[in-house]
Amino acid sequence: MVRIDQLKTMGERLVARAWELTFCPPKAAAKPAKPTSSGGGKNKKKKWSKGKVKDKANNAVVFDKPTYDRLMKDVPTFKLVTPSVLVDRLRINGSLARIAIRDLESKGIIKAISKHKSQLIYTRATRAEDEVEKPEGVVVEKAPKGKKTKGKKEEEEDE
């Protein structure tokens with residue numbers, strides 16, 4: 001049998017190659033290696049991710065007894081009281097948090113720092129500030145922080 005590379009004309013080579021492909025079994029090592037990443041058009045298109053899915057908040061829309069008790073017990077200890085803080089800590093609705101803040105302010109439990117239509121900022125009311133308010137124009141002298149001990153030279157001068 002004649003090898004393909006020994007044939008002279010192009011026609012003879014094509015006929016011999018077609019005969020080999022038709023009647024001869026394929027060789028195991030004859031498979032060309034596929035490139036790992038090719039930029040061809042037959043690749044699968046990239047799928048876009050759906051993004052992170054946030055769990056739906058299941059906040060209360062009315063006060064029940066335990067939640068109202070927690071409101072009255074815990075909120076006076078908060079340094080910062082805003083509707084978003086109450087929603088986050090007590091798991092209540094935003095409109096319910098605004099109503100609760102108005103109620104706490106009317107009872108004197110919290111005091112306003114800043115009232116704006118979009119954000120209400122409050123802090124806890126301290127009893128000392130409410131009971132004793134300093135009148136204007138009164139100067140309060142500060143007491144010395146500690147006793148100063150006299151040195152040996154100052155003691156000798158005093159004697």
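Which handedness, left-handed or right-handed, does the crossing of helix 2 and helix 4 have? I shall come to that point after a brief introduction to the chain. Please note that the structure shown above is a predicted model.

Let me begin with the overall composition. The chain contains six helices and two strands. Read from the N terminus, these elements follow the order α-α-α-α-β-β-α-α. The chain has 159 residues, of which 13% are buried. Its exposed surface comes to about 15100 Å², and carbon and sulfur atoms contribute 55% of that area.

I turn now to the pair of helices in my opening question. Helix 2 covers residues 65-74, and helix 4 covers residues 94-107. Their axes come within 12 Å of each other and cross at roughly 50°. An angle between 35 and 65 degrees is classed as oblique, and helix 2 and helix 4 are therefore oblique to each other. The answer to the opening question is that the crossing of helix 2 and helix 4 is right-handed.

Which residues make this contact? On the side of helix 2, they are Tyr-68, Leu-71 and Met-72. Helix 4 supplies Ala-100, Asp-103, Leu-104 and Lys-107. Sorted by class, the contact between helix 2 and helix 4 comprises five nonpolar residues and two charged residues, with no polar ones.

Definitions and conventions: Residues numbered from 1 in each chain as written. Predicted model: local features only at pLDDT ≥ 70, side-chain atom pairs only at ≥ 80, totals over all residues. Heavy atoms only, no water. Axes fitted to C-alpha atoms, helices over the stretch in contact; angles between N-to-C directions. Helix = DSSP H or I, 4+ residues; strand = E, 2+ residues; numbered from the N terminus. Parallel < 35°, antiparallel > 145°, perpendicular 65-115°, else oblique. Left-handed = near helix turned anticlockwise from the far one by under 90°. Contact = heavy atoms within 4.5 Å. Nonpolar A, V, L, I, M, F, W, Y, C, P; charged D, E, K, R; others polar. Buried < 20%, exposed > 50% of the residue type's maximum accessible area, 1.4 Å probe, protein only. Areas by Shrake-Rupley, 256 points an atom, 1.4 Å probe, with all protein chains shown as cover.
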